[in-house]
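Hello,

Here is the structure I promised to pass on. My notes follow below it; please read them with the model open.

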Number of protein chains: 6
Amino acid sequence: MPQPDHISKLGVPDPATLDDDLQAIWRKCVDKLGFVPNVFSTYSLNPRRLRNFMAMYNEIMLSDSGLSKLEREMIAVVVSSANRCYYCLVAHGAAVRALSGDPELGEMMALNYRVARLDARQRAMLDFAWKLTTTPWLIDDSDRAALGDVGLSSQDIFDLAETVAFFNLSNRMASATDMMPNREYHRSVRG
Amino acid sequence: MPQPDHISKLGVPDPATLDDDLQAIWRKCVDKLGFVPNVFSTYSLNPRRLRNFMAMYNEIMLSDSGLSKLEREMIAVVVSSANRCYYCLVAHGAAVRALSGDPELGEMMALNYRVARLDARQRAMLDFAWKLTTTPWLIDDSDRAALGDVGLSSQDIFDLAETVAFFNLSNRMASATDMMPNREYHRSVRG
Amino acid sequence: MPQPDHISKLGVPDPATLDDDLQAIWRKCVDKLGFVPNVFSTYSLNPRRLRNFMAMYNEIMLSDSGLSKLEREMIAVVVSSANRCYYCLVAHGAAVRALSGDPELGEMMALNYRVARLDARQRAMLDFAWKLTTTPWLIDDSDRAALGDVGLSSQDIFDLAETVAFFNLSNRMASATDMMPNREYHRSVRG
Amino acid sequence: MPQPDHISKLGVPDPATLDDDLQAIWRKCVDKLGFVPNVFSTYSLNPRRLRNFMAMYNEIMLSDSGLSKLEREMIAVVVSSANRCYYCLVAHGAAVRALSGDPELGEMMALNYRVARLDARQRAMLDFAWKLTTTPWLIDDSDRAALGDVGLSSQDIFDLAETVAFFNLSNRMASATDMMPNREYHRSVRG
Amino acid sequence: MPQPDHISKLGVPDPATLDDDLQAIWRKCVDKLGFVPNVFSTYSLNPRRLRNFMAMYNEIMLSDSGLSKLEREMIAVVVSSANRCYYCLVAHGAAVRALSGDPELGEMMALNYRVARLDARQRAMLDFAWKLTTTPWLIDDSDRAALGDVGLSSQDIFDLAETVAFFNLSNRMASATDMMPNREYHRSVRG
Amino acid sequence: MPQPDHISKLGVPDPATLDDDLQAIWRKCVDKLGFVPNVFSTYSLNPRRLRNFMAMYNEIMLSDSGLSKLEREMIAVVVSSANRCYYCLVAHGAAVRALSGDPELGEMMALNYRVARLDARQRAMLDFAWKLTTTPWLIDDSDRAALGDVGLSSQDIFDLAETVAFFNLSNRMASATDMMPNREYHRSVRG
């Protein structure tokens, strides 16, 4: 039986009806990636909210930070693993594979990050991401101190926390709408 | 022993050093609320991220929507109850009290929303909020259908989902930084 | 929509039909507190059991003990927080506010005690209360030793344990009967 | 290695030092059961609290009620199973065996009550006991209605709830003190 | 009400229809134990699978190993306790009683192994068994190191792990088929 | 940092030292798959146990059954998803991709089977697999009836249960030994 071909169970507007700025972004995505990520299409049900989502996404995932882009994608996948979010695991698992050139690393982040060989700094960040996702009420000074011990500054901890927080947001949007990832993600960088 | 008087365990910049647009917002908060909410101060560690956060917050909580502002605050508190987030329970519990004029309703949302007397539509929204927060991977068509049955449109479900998602983000920022709520919230609208 | 005005979903006898000793207690409550706590009204469905409940309550919460009355109320609230018991959080949250004169402390105990500034002894007692409530089967010698390390005697540990145990009882009576707290609690000592 | 022979990790006073009324109870226990139940010895660390405990115990477990004594013991064991309380499972498992004359029934209550053949009324009571023990915050009108459907009156529901509540208390006293059951329980009514 | 007298809810073939090798095993069981264990009867619905199950069972539980037969039965019971498997708790609880001559030890393993007096090696093995059963994804090098610290070789850890793994299999066969233990187990070695 | 290249943290014997029958199987694996699955190498630490494991594996996964080979692999992956078992998710995820020719189906089974489009029979089998894996003690007649309703015979339910049970065994062997999957699995059938 073929797998679902919807983008979002809440429906998606015809891209031709979107405002010019969004149509420009759609064209840029097609040029660069070959497709428009379905999270953007899903969010286009409400263009103002889409713009906010993209602004926040770009800042968290693409701006300068003490955390590398690969590290931010690893965090995205570990959060999505805790929340068992299909869309984000597929889309950001592909990003981990692409940025690391290591197909296994993407699988490990998605399936159980504890089996990966990581340096102490990355392991501490991912342990924090898991705990902040699953039992945020238990985070205390000892957790922040553990991040300081492996060299994270306050600003780094802020960036880590916001990355974790953002994927706790986007995981829930994906689950609430049954968002399906673009099929292109499955094939990329499989080694 | 006096309770903590920090704003964020990651530290907060001197407001006088912030950009003019942010200082203007700070002044507006003081004029309107009597204080700057500590979540803004916490986020001012990174002004670009603060601006994104405020834009998203304003759109989700204050823009026109099929969900009333009170309903959005009720959702905020129920999500924060599931995540046991002190900051958001105090700040948004006060908002429920203020918008409803019902001090008990705020307490019920914070402590166990199931004891409240609610119409079927509100109860369905809060049940969805709890499930999407605690077990997002179990959300399926039957959950969306239950919302349709009480009259929510696709756009309403989108707004509900994004409100839930947003507080799953902000709860985690608060827990990660041990953010303390402004003391003013405790006193307001106690009946 | 006004919040529920029942006392207990199992019904409550007319106070005028109660035995003289209970009517005397009712009058004493009105004199002292301004109202009869709804837990007594709920329990008056079975007067013999009410008398036992009051005897145990008075002994645990009001007798001489190595734990202060405030500490016992803090334990009551933390147990009720773990069990998300609306009645006990409202009634005993008010007691923490009244005994401490600190409105924030009551909120912290109810919402997430880990954010409070506490001395090591109180923190150890509340950690024990949480664990004994949520995973009693995991309590072992190391938990008792941690209490000894902050100065609790065997008798103090007994008193702590019984306070935790008692609110695990009363939380379940409140949830089983959907017991509503008297509205007076909401207003008191809000700072 | 021989199993533990302590009664309580908090220590137990010499029975000869107890007040006369308690010594009389001790003698009565020996006459009737052949031994003093260790829960009484444990509680004798604080005689006033012991008296309250015995009063409540006798009323809940031995007084007239719409629930039979066997049913109350079955509830006691199911609550203790959820809480994995060794003392109560051994002592009250023996009581189920004795009152029912059915050694398997005691084992089923202790290990997984869902495998037992029960009438609808007993099954509903035990399902309520499990839920009220493990997730009291989820109890709602539908749970009470399910008890009404199998014939329980409001007074019966009160008695059921208090039995569940009481063993949530005593399980925690046993776990907090590492209370060991008297060895006599193991042998009795094994079929 | 008499307890269930079925063997398996999926039905059991007439033993007279089984192949000769199985009938020989049936006779051997009757000679040695007085009965055919119901797990064998349940599995005889598919004789090839029964043969594999018996081969694996015999190798794991009866062959030479660094773990004593009693230790393997203790592990079996602790795994079955975590999974609340009635069949295995009854059958292997009896085996612990028989091999140890200690009726309490069997009960402790079934009800809460943490109350038992055990040497450090046994305690470490049972802690590993519990964790590998309930949260296998959290097992890491520190867990294996803790076993090495109490003297287990790699081969011993393999045997421990396979015993845990095997009862995670058999617990699920028992739960899936509602397998009832032979009544003879209840009576044996009760002290 | 390159990912781990061990096979099992308990060590693996030199294949040249294995008995002839096992060396023959090793050669057959290389001929057919291009490699020896690391689960066999891990188990070769104890050849008798390896033989039992292979016999059981072959019978459950490859023999005639009312469940197709693809369905059995889907069950294997869903069980491994519940247990977050890296080895089995990688190895059997590849098998789902290979047998179905559908790369997305493999990912869905591994990450959250509820997002897949499945017929009612397959969905019922996977719901049963998840419940039997995570809360086996809650399986009851209604669960078996749900399988009968979609056409499963008693023998089919037996096969389903044993498949679930077997991967609950093998997941734990993999986690206990930190078993790494052969790298070849990652690349296969990625669409």
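The side chains of F:Arg49 and E:Ser63 are joined by a polar contact of 3.5 Å. A polar contact here is a pair of N or O atoms within 3.5 Å; within protein, one must be able to donate a hydrogen and the other to accept it, and residues adjacent in sequence count only if both atoms are side-chain atoms. A second polar contact, of 2.7 Å, links the side chains of F:Arg49 and E:Glu162.

This is a predicted model: local features need pLDDT of at least 70, side-chain atom pairs count only at pLDDT 80 or more, and totals for chains, interfaces and linings use all residues. Side-chain values use heavy atoms, without hydrogens and water; residues are numbered from 1 along each chain as its sequence is written, while chains are lettered from A and ligands numbered from 1 in the order in which they are written.

Back to F:Arg49. It sits in helix H3 (residues 47–62) of chain F. Helices are DSSP runs (H or I, at least four residues), numbered from the N terminus. F:Arg49 is buried, at a relative accessible area of 1%. Buried means under 20% relative accessible area (1.4 Å probe, protein chains only). Leaving out residues up to four places away in sequence, F:Arg49 touches E:Glu59, E:Ile60, E:Ser63, E:Phe158, E:Asp159, E:Glu162 and F:Tyr43. Contact means heavy atoms within 4.5 Å.

Next, chain D. Why is helix H6 (residues 103–111) of chain D largely enclosed by the rest of the structure? Because 9 of its 9 residues are buried. They pack against H4 (69–82), H5 (86–100) and H7 (120–134) of chain D, and against H5 (86–100), H6 (103–111) and H10 (184–187) of chain E. At the start of H6(D), a side-chain oxygen of D:Asp102 comes to within 3.1 Å of the backbone nitrogen of D:Glu104.

Then chain C. Helices H7 (residues 120–134) and H9 (residues 154–177) of chain C pack at about 45 degrees, axes 10 Å apart. H7(C) contributes C:Met125, C:Phe128, C:Ala129, C:Leu132 and C:Thr133 to the contact. H9(C) contributes C:Leu160, C:Ala161, C:Val164 and C:Asn168. By type, the residues of this contact are 7 nonpolar, 2 polar and no charged.

Last, two pairs of chains without contact. Chains A and D have none, and their closest C-alpha atoms lie 18 Å apart. Chains B and E have none either, with their closest C-alpha atoms 18 Å apart.

Best wishes

Definitions and conventions:
Buried means under 20% relative accessible area, exposed over 50%, partly exposed in between (1.4 Å probe, protein chains only). Helices (H or I, at least four residues) and strands (E, at least two) are DSSP runs, numbered from the N terminus. Axes are lines fitted to C-alpha atoms, for helices over the stretch in contact, and angles run from 0 to 180 degrees between N-to-C directions. Ala, Val, Leu, Ile, Met, Phe, Trp, Tyr, Cys and Pro count as nonpolar, Asp, Glu, Lys and Arg as charged, and the others, Gly among them, as polar.
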